[in-house]
Amino acid sequence: QAAAPLHPVAVQCQEAQMVVTVHRDLFGTGRLVKVADLTLGSAACLPVAQSAAEGTVTFVAGLHECGSTLQMTPDSLIYKTILSYKPTPSGNLVIVRTNAAVVPIECHYPRKSNVSSNAIQPTWAPFRSTLSAEERLMFSLRLMNDDWSTERISNGFQLGESLHLQADVASGDHVPLRLFVDDCVATLSPDRKSFPRYALIDLSGCLVDGRSDDTTSAFISPRPRQETLQFVVDAFKFVGDDRNLIYITCHLKVSPADQAPDSLNKACSFNKASSLWAPVEGTGDICSCCETGNCP
C-alpha cells in the first residue's frame, strides 16, 4: 500500500531485504515527526532516503540486518523487526509534544524444500520406476520446548539454560532413512565461515561441545524415530562480544535405515561418567575417531 496518513507505515518484503516507507505524519494529526527520531530495528538503523514532497522516509535493510530476528514455523520463515519513534525535544529542551511509538514489522516467506548434496543410491530398479519415485527430501531443524512436545515459541535463552534442538527429515516414499547431523557451527553472522565461530558438532557426527568440562551437551538416546535426531546444547555466548544473537548452522544428511552406522554416519556423545564416547546406535568403535580427531 502507498504510504498515507491512514497507512503511515508500508512494508515491501523483497527477496533478500525489506523496504519500509514511513509517512512523517505518523499519527495522522498533520504534525510531521522529525526524521532523526525514526530508526529501524534493535540496531537503530537510520533511513536511506527521504522525500520532502511526499513527506516520507524510507528504510532498506537486509533480512538479517538491523537486529532483526527469525522465527521458523512448519510453513514459513518470519523475519521480525521494529520501527521505533523516539521524540527528542526541539527548541524547548524540557517538553515534547508526541509520544514514543514502536511499530512491529514482519516479513513472511514460504519455506522451500532442501535436498541433500549426497544423493541416496538406490538398489537396482527399472529406470521408469526410479523416475516415478523421484522427490525431494524435506529437512528441518527446530528449537523445541524442554519436553520435546512442541516447537519453542521464543528463541531467547539465559546462560545456564539448555537449547533443545531437533533435526527431522520427511522421507515420503523413499526407502526408510536414518537422519544424522554431520556438523553444526555457531557464528555471530549468517555466514557459517565467519569468525569467531564455534563447532558444536564436528567430525561427521561427534558432539564435540559435550567434551568440555562445564557442559552437559549430548544427543538424546534412543531416537523417537529413525528420521529424527534430538540433541541438547548448553546456552553460551562468545567471549568479548555483547551481541545477543547467535546463528547455528547445521549440515543434515541421511543414510538408508538398514545400513549400519559407521565412522562417517554416526551420532556420538561424550559420557563424562565413563570418559568415553558413545553412539546413539551402532558399536562403540565408530566413535573412536571423535577423540583422535582423525575421522574420514
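Me: At 11% relative accessibility, does Phe-238 count as buried or exposed?

Reply: This is a predicted model, in which local features need pLDDT of at least 70 and side-chain atom pairs count only at pLDDT 80 or more, while totals for chains, interfaces and linings use all residues. Residues are numbered from 1 along each chain as its sequence is written, and side-chain values use heavy atoms, with hydrogens and water left out. Buried means under 20% relative accessible area, exposed over 50% and partly exposed in between, with a 1.4 Å probe and protein chains only. At a relative accessibility of 11%, Phe-238 therefore counts as buried.

Me: What kind of aromatic pair do Phe-236 and Phe-238 form?

Reply: Rings of Phe, Tyr and Trp (its six-membered ring) pair if their centres lie within 6.5 Å, and planes under 30 degrees apart count as stacked, over 60 as edge-to-face and the rest as tilted. The ring centres of Phe-236 and Phe-238 are 6.3 Å apart and their planes stand at 75°, so the pair is edge-to-face.

Me: Which residue has its backbone oxygen 2.6 Å from a polar atom of the side chain of Thr-187?

Reply: Thr-187 lies in strand β11, residues 177–187, where strands (E, at least two residues) are DSSP runs numbered from the N terminus. Thr-187 is buried, with a relative accessible area of 0%, and among the residues it touches beyond four places in sequence are Phe-238, Arg-192 and Ser-194, a contact being heavy atoms within 4.5 Å. For its polar side-chain atom, the backbone oxygen at 2.6 Å belongs to Ser-189.

Me: How long is the polar contact between the side chains of Ser-194 and Ser-189?

Reply: A polar contact is a pair of N or O atoms within 3.5 Å; within protein, one must be able to donate a hydrogen and the other to accept it, and residues adjacent in sequence count only if both atoms are side-chain atoms. Ser-194 sits in the loop between β11 and β12 (197–201) and is buried, with a relative accessible area of 14%. A polar atom of its side chain lies 2.7 Å from the backbone oxygen of Asp-191, and the contact joining the side chains of Ser-194 and Ser-189 is 3.0 Å.

Me: How many residues does the largest nonpolar core have?

Reply: A nonpolar core is a set of buried Ala, Val, Leu, Ile, Met, Phe, Trp, Tyr and Cys residues joined through side-chain atoms within 4.5 Å. In the largest core, the residues with the most contacts inside it are Leu-179, Val-181, Phe-219 and Phe-231, and its size is 24 residues.

Me: How far is the charged end of Arg-152 from the centre of the ring of Phe-157?

Reply: A charge sits over a ring if NZ of Lys or CZ of Arg is within 6 Å of the ring centre and within 35 degrees of the ring normal. Arg-211 lies over the face of Phe-270, at 4.1 Å from the ring centre. The charged end of Arg-152 sits over the ring of Phe-157, and its distance from the centre is 3.9 Å.

Technical notes. Helix = DSSP H or I, 4+ residues; strand = E, 2+ residues; numbered from the N terminus.
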